[in-house]
Number of protein chains: 2
Amino acid sequence: MTTQFTEDQVGERIEQMRRRPQRFRDDHITMAHGAGGKASRALVEGLVVPPLANPALEQLSDAGALTVNGTRLAMTTDAYVVRPLRFPGGSIGDLAVNGTVNDLAVSGARPVSLSVALILEEGLAADVLRAEVQAMADAATRAGVPVVTGDTKVVERGKCDQLYVVTTGIGAVHEAADLSPQRVRPGDKVLVSGTIGDHGIAILLARGDLDLEADVRSDTQPLWDLAEALLGACGAGLHCMRDATRGGVATVLNEIALAAEVGIVLEESRVPVRPEVAGAGEILGIDPLYVANEGKLVAFVAPDLADAALETMRSLPSGADAAIVAEVHEDPPGRVLGRTSFGGHRLIDMLVGDPLPRIC
Amino acid sequence: MTTQFTEDQVGERIEQMRRRPQRFRDDHITMAHGAGGKASRALVEGLVVPPLANPALEQLSDAGALTVNGTRLAMTTDAYVVRPLRFPGGSIGDLAVNGTVNDLAVSGARPVSLSVALILEEGLAADVLRAEVQAMADAATRAGVPVVTGDTKVVERGKCDQLYVVTTGIGAVHEAADLSPQRVRPGDKVLVSGTIGDHGIAILLARGDLDLEADVRSDTQPLWDLAEALLGACGAGLHCMRDATRGGVATVLNEIALAAEVGIVLEESRVPVRPEVAGAGEILGIDPLYVANEGKLVAFVAPDLADAALETMRSLPSGADAAIVAEVHEDPPGRVLGRTSFGGHRLIDMLVGDPLPRIC
């Protein structure tokens with residue numbers, strides 16, 4: 001998943017990814033187009049966005065921004081197609097609420113309402129649906145946000161996989177929030193709010209098609225309390241937040257490095273990873289840096305506020321294992337470098353291909 | 001689809017539908033649960049809504065209401081699973097934008113932003129997706145509303161039917177809007193904005209599994225211009241609006257009759273129906289009153305404003321065939337009666353069963 005490139009190759013890659021618009025060259029959709037890596041990016045930027053183009057959408061951030069009667073709002077939507085529906089630590093119902101709440105949270109927006117659309121497969125057991133609606137209700141209560149509207153459709157057997165959920169959220173942007181990748185600058189510290197890779201590894205293990213058992217639970221949880229506390233502690237010194245879902249922390253860092261035209265140096269030994277997750281990842285040949293999280297955010301903070309941000313995170317249960325893991329540099333622009341425990345550097349590239357389909 | 005009941009049976013039905021909460025008694029989801037009739041109602045009211053309960057959701061209107069910093073907003077979401085993807089008069093991309101725009105419009109809300117979530121089947125031709133994204137873009141431009149955020153997921157072959165779309169909309173509630181079923185009162189006139197049944201019949205014919213050909217096109221179109229003009233013309237005299245999608249005009253009238261505890265008498269001969277739609281319906285044994293529309297609204301208006309409302313509708317292309325079709329009475333509460341061209345009455349019941357799955 002990580003490869004060494006020559007300087008020329010790296011330069012070419014940045015050129016390709018940043019300055020030229022992505023083109024979608026495939027004739028058909030493949031599973032890789034849904035995995036959150038390069039192929040997903042080509043699909044979204046090369047096919048979906050251009051016809052719909054407008055400034056809010058082109059930001060390609062976790063939520064769109066709009067202003068109604070002077071009120072700053074954020075809007076975000078996510079389709080959940082996770083397989084299996086239930087897994088250690090959560091279920092599609094939890095994900096569907098928390099994932100959307102977290103896209104608002106990292107946009108600096110307090111979640112104020114959710115909608116839920118259900119696509120049900122004919123023959124779905126009513127109790128399976130009941131359990132997921134209850135999971136959504138519990139997660140919504142925990143996150144303090146009401147589900148104000150919904151829709152339910154049924155499709156024939158074999159035209160869905162039990163149950164897909166699409167949740168959309170509206171958030172009211174916090175007055176102190178001034179968040180965007182463009183505000184990230186050299187010197188900024190990068191924090192992650194806890195252990196990484198838990199969700200993706202939990203899903204892989206829950207599928208049961210690997211000859212591997214480990215006690216790994218999804219980290220699905222709402223993050224608005226954490227985001228709000230960071231906004232309170234850092235104000236405009238909080239430059240950008242992202243939740244590290246599909247594609248993991250490595251993808252978030254690459255996206256920000258490209259958008260802000262900065263280099264990011266990651267101290268790999270500082271990245272919190274549970275031993276079970278690291279172990280499973282090693283056996284499976286998967287780097288936890290690329291694995292989806294469903295309750296972790298990455299924050300870019302002005303250097304003088306990094307310690308306050310860390311303390312704030314650690315004071316909350318959802319940020320108990322937070323760590324400062326990276327620093328922003330001028331060079332090399334658009335690249336993420338990992339400093340290994342042996343003192344060397346490696347290029348941490350965008351995710352290529354599709355190791356983990358239908359992870360959320 | 002319509003049946004004669006005794007007074008006792010009718011009374012029992014009202015009791016059952018209005019005062020007692022619906023129960024969901026089935027063990028499994030069937031296609032009927034997605035058709036917009038009684039089974040859909042039982043699923044939504046008996047299974048989905050109770051755990052999520054809050055005042056906005058319990059309204060079960062076309063959109064949820066929320067207020068952020070004093071600004072009245074409406075939020076609505078719809079999943080689109082129509083088969084086939086393209087049909088005379090439109091495609092899933094048009095529907096996905098217009099349907100959501102119209103749910104806002106009949107809530108008295110100017111559409112201000114949309115989100116789009118795509119669930120794609122592995123192997124989907126890129127050109128099919130390209131065409132639908134373009135259709136969404138064109139429909140959004142026509143409706144004057146930007147798509148500000150989105151999500152794309154891919155599922156394995158056989159876990160979707162090419163492409164499902166979920167669009168969610170935010171609207172800013174018009175200052176003159178005071179719309180709810182509870183405002184409907186005896187004496188109100190009921191208008192439909194044009195010919196009914198076009199969309200559903202167009203879809204049925206487009207599937208090609210009926211030995212029947214007719215030149216019927218979907219009526220998919222945005223209705224905010226019409227809704228806004230009605231609000232301007234009638235102000236608070238416009239009591240309620242609904243778009244007559246799944247379940248058709250008959251279902252809308254039944255829902256309002258039950259919610260407002262009024263009787264509605266429909267002059268069946270006044271209902272605008274294209275001859276091709278009436279003819280196809282007759283051959284198929286389907287009453288156009290129960291057939292989905294995707295560009296028609298039903299408006300309940302104070303009697304002294306009915307003519308102004310009609311004139312307003314007819315002045316716009318989207319309301320050119322509008323008609324006053326029914327009147328609200330005190331009795332029989334919770335029921336819709338059709339006055340036939342022979343002078344008799346029939347009970348126009350809620351839709352039972354599933355004549356038209358995946359119509360939108």
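A crossing of two helices is called right-handed if the near helix is turned clockwise from the far one by less than a right angle. Keep that in mind for the first exercise; the model you are looking at is predicted.

**Exercise 1.** Describe how helices α4(A) and α5(A) pack together, and find the hand of their crossing.

*Solution.* Start with the geometry: α4(A), residues 92-105, packs against α5(A) at an angle of about 30°, and the axes lie 7 Å apart. Next, the hand: this crossing is right-handed. Now look at who touches whom. From α4(A) the contact includes A:Ile92, A:Val97 and A:Val101, and from α5(A) it includes A:Ala135, A:Met136 and A:Ala139. Finally, sort the contact residues by type: eight are nonpolar, two polar and two charged.

**Exercise 2.** Work out how much area chain A and chain B bury between them, and what gives it.

*Solution.* Then take the area, about 6500 Å², with 68% from carbon and sulfur atoms. Of the part that chain A buries, A:Ile29, A:Met75 and A:Lys153 supply 10%, more than any other three residues.

**Exercise 3.** Find the salt bridges and polar contacts that link chain A and chain B.

*Solution.* Begin with the salt bridges: there are six across the interface. In one salt bridge, the side chain of A:Glu156 meets that of B:Arg83, at 3.4 Å from N to O, which is within the 4 Å limit. Next come the polar contacts, which join 23 residue pairs between the chains.

Note on methods:
Residues are numbered from 1 along each chain as its sequence is written. Chains are lettered from A and ligands numbered from 1 in the order in which they are written. This is a predicted model: local features need pLDDT of at least 70, side-chain atom pairs count only at pLDDT 80 or more; totals for chains, interfaces and linings use all residues. Side-chain values use heavy atoms; hydrogens and water are left out. Buried area is the accessible area (1.4 Å probe) that two parts lose on being put together, summed over both. A polar contact is a pair of N or O atoms within 3.5 Å; within protein, one must be able to donate a hydrogen and the other to accept it, and residues adjacent in sequence count only if both atoms are side-chain atoms. Axes are lines fitted to C-alpha atoms, for helices over the stretch in contact, and angles run from 0 to 180 degrees between N-to-C directions. Helices (H or I, at least four residues) and strands (E, at least two) are DSSP runs, numbered from the N terminus. Contact means heavy atoms within 4.5 Å. Ala, Val, Leu, Ile, Met, Phe, Trp, Tyr, Cys and Pro count as nonpolar, Asp, Glu, Lys and Arg as charged, and the others, Gly among them, as polar.
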